[in-house]
Amino acid sequence: MVSTTQEHQLKFITTEPTHFPGQAAEMKVWDAVRSAFINRKNCLCFWTFPIFIKDKQLCFEPDILIVDKELGIIVIEVKNIRINQIIHIEGYNWFTQNFCKSPLNAYQQTKNQLHQLINSCNKYQLLKQKVRGRVLVALPSITENQWKRKGFSEQICCPPILFQQDIDRDNLIEAIVQTAGQVQPGKPLEDEEWRLLQKIICGPVQPPIPDGKGVNPLPQRRQIIEQLQQWVGSTDIEQIHIGMSIPPGPQRIRGIAGSGKTVLLCQKAAWMHWYHPDWDIALVFFTRSLYDQAVSLVNQWLKFFSNGEVEYEPDKSKLKILHAWGEDNQPGLYSTICDLQNINLIHIQPVIGSPTEKLAYLCRRVLTEYPIKPIFDAILIDEGQDLALDEQQLKFEDKQSIYWLAWQALRPVAADTPDVRRLIWAYDEAQSLDALSVPTSKEVLGAQLSQILGGKAGAWYEGGIRKAYAMRHCYRTPGNILTAAHAIGMGWLRPEGMLTGITNKKDWEHIGYEVEGDFRKIGEQITISRPLKHSPNPVHHFWKEDLLKFNIYNSCEDELEALSQKIYQNINDDGLKPSRDILVIALGSEEESINLQKRAAHTLQKYGINFYIPSALDSNQFPEELSFQNKRPNQFWKEEAVTVSRIYRAKGNEAYMVYLIGFNNIAKNESSVSLRNQLFVALTRSKAWVNLSGVGEYPMCEEVRQVIKNGNSFSFTYKKPLARIIGEEILT
């Protein structure tokens, strides 16, 4: 398990550690605050917190911001000034020499910062005049005796000050409470008030997790969806910590399916753009159907950070949301790098392979044939597992070509560290569909540069920003569906033995599992379980039937008839919306899934249900029958129609009711890691229910039934070395 100390560290958010005059003084106060508040519950602390108003024409930036359920909002302004630099004081104005500013009005500056936050709180009736507001000026280079000897303590307008000895005290919280000037009186907040305050400061926060007591099952799926919708788009303390910090170098984010990686990267990109509007930033993804979702999320976060004053304008913004590849009417990362540098590859023969293989081949050629000029200040990559390949000939000097091209296109973070660049990538190795490679630090940066993310360089950047994170909480997919997805995807209960997975306890803990047994010993009994606290989706409190159902039919016709009948009932009796509430995924190889997708669509239509095939112009159309101009490659949903997708287009999307058809296409070749990964990805698209079906009995059918029966805990014998070992240690 993660230690209590590590969990407590998440509430300390360093927005951006930068080198500036006075940094050492701010760092000293920040370290003292972290030490004092480390064991305190219900608080958040920020080192620098920008508050922009009036379309960024005015900026208030508290050096240190403390938000506490009991203490309210505390703003600390740090001044690295020495006593001999203050000549005299008139009111709140300090006249200085050999300092950056004179006169200096630190107290008024701090009050202005606090007023912006208090005013935001007072707009809500629930918080109006309830949140305590306190301000302090911290002088880490001046003692109280020095202040008194100069006669400054006798001034009528002497502000509340934390002196050098106060900062060094063991009971700093007591010193803050006793010394701080109270700008607004208030009271300790109730739970609902505290959640609203966090939302004002950080964005949507997770509602409390139901414990099941006093929760009554609901009769209709529509009612349950309405209960679950408050979870959609919410963030937890870990996501806030990662999303609101700007690392001074590369950062790796490993997240279990449904942990909110896409929401997090959109938040992080929007925050970086809001904080540094002059930066050139790229937010990159692999699945084209994620484009509209990414634009929407970035826009939501920008509006939140700007208090509704700024929206995302793709054509004008220096933050670019890019598909990994790109085409004529929509730029991508690869096409943007090539276009801005006049790179034009000559192809003697057509490039063949999967989309990722083609892209990796081209990136390798560009890296081999052209010098790359830096054009971005930060690149954030989502779905990072889909940009990593196994084939050595597609790598560039043992590094993943697509990643290395992105690295070369980045400007150094600082002139004195030319090899340190701001590349941030998020991945879930279990969701890889085409390759067994994992985008580890070494695969991305090479053996030497990967040491930036660990080794002698340590696990933390200055100021408390981690270089690598593992996100263990799954908010989207219910716990027993997630564990079933891992169990089937990795083959925990295969009679022949587990196929793929993680082989050390730390990596299991990083994705939210508890393990008993030793993977180093063949024949060892292994027990894997997932605590409910790591899968907080509360649907099981409201729905007492099975969330995951498995059915086998005698023929494909029977399977598709049953599918259509169930969806008809979902729409007409359960109150589900055809679009976004329901998703159908056809499993299998390209040929098998395309054929099954068409047959399912025709059967739905027979029942009067509109279908939508991703990238079609409209419902009840097949994209291959349309001209290029009439296709919509970014589109995944269509109002009033049920989306019927193949797995490659479904990645990154989600629905409450997910139907997986064609299980037999997996079962007949059950030893294939990539086919089992299809099933894992498909199962984890669900926010509530899954119906898995196929045709005919296969040995794997009994494995699935046993997985469903086991629930959240699995015991099996470790029989042989794995075909694929996944995982990379997250340093502490």
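## Close-up views of the predicted model

**View 1. Strand β13 pairs with strand β14.** Here 5 bridges join β13 (residues 281-285) to β14, and the two strands run parallel. L283 sits opposite I321 in β14. A quick word on terms: two strands count as paired if DSSP finds at least two bridges between them. Helices (H or I, at least four residues) and strands (E, at least two) are DSSP runs, numbered from the N terminus. This is a predicted model, so local features need pLDDT of at least 70 and side-chain atom pairs count only at pLDDT 80 or more, while totals for chains, interfaces and linings use all residues. Residues are numbered from 1 along each chain as its sequence is written, and side-chain values use heavy atoms, with hydrogens and water left out.

**View 2. Zooming out from that pair gives an open sheet of 6 strands.** The order is β14-β13-β17-β22-β12-β25, with parallel pairing. β14 (319-323) and β25 (468-471) are at the edges with a single partner strand each, so one side of each has no neighbour in the sheet. From one strand to the next, the twist averages 15°. Helix α14 (residues 401-408) packs on the sheet, where it touches β17 (378-381) and β22 (423-427), and its direction makes about 155° with that of β22. For the angles, axes are lines fitted to C-alpha atoms (for helices, over the stretch in contact), and values run from 0 to 180 degrees between N-to-C directions. Contact means heavy atoms within 4.5 Å.

**View 3. Strand β17 pairs with both β13 and β22.** Buried means under 20% relative accessible area, exposed over 50%, and partly exposed in between, using a 1.4 Å probe and protein chains only.

**View 4. A hairpin is formed by β7 and β8.** Strand β7 (residues 86-90) and strand β8 (residues 93-96) run antiparallel and are joined by 4 bridges. I86 has T96 as its bridge partner in β8. There are 2 residues between the strands, and G91 takes a positive phi near 65°.

**View 5. G652 lies in the loop between α22 (647-650) and β33 (655-661).** At 18% relative accessibility, G652 counts as buried. Leaving aside neighbours within four places in sequence, G652 is in contact with L290, Q293 and R685. D382 is 270 residues away from G652 in sequence, yet their C-alpha atoms are 9.8 Å apart in space.

**View 6. The span 642-692 carries a UniProt annotation.** The record, an unreviewed entry, labels it "domain: UvrD-like helicase C-terminal". UniProt positions are given in the numbering used here, feature names are shortened, and annotations may be inferred rather than shown by experiment. The span is 37% helix and 37% strand, and its end C-alpha atoms lie 17 Å apart.
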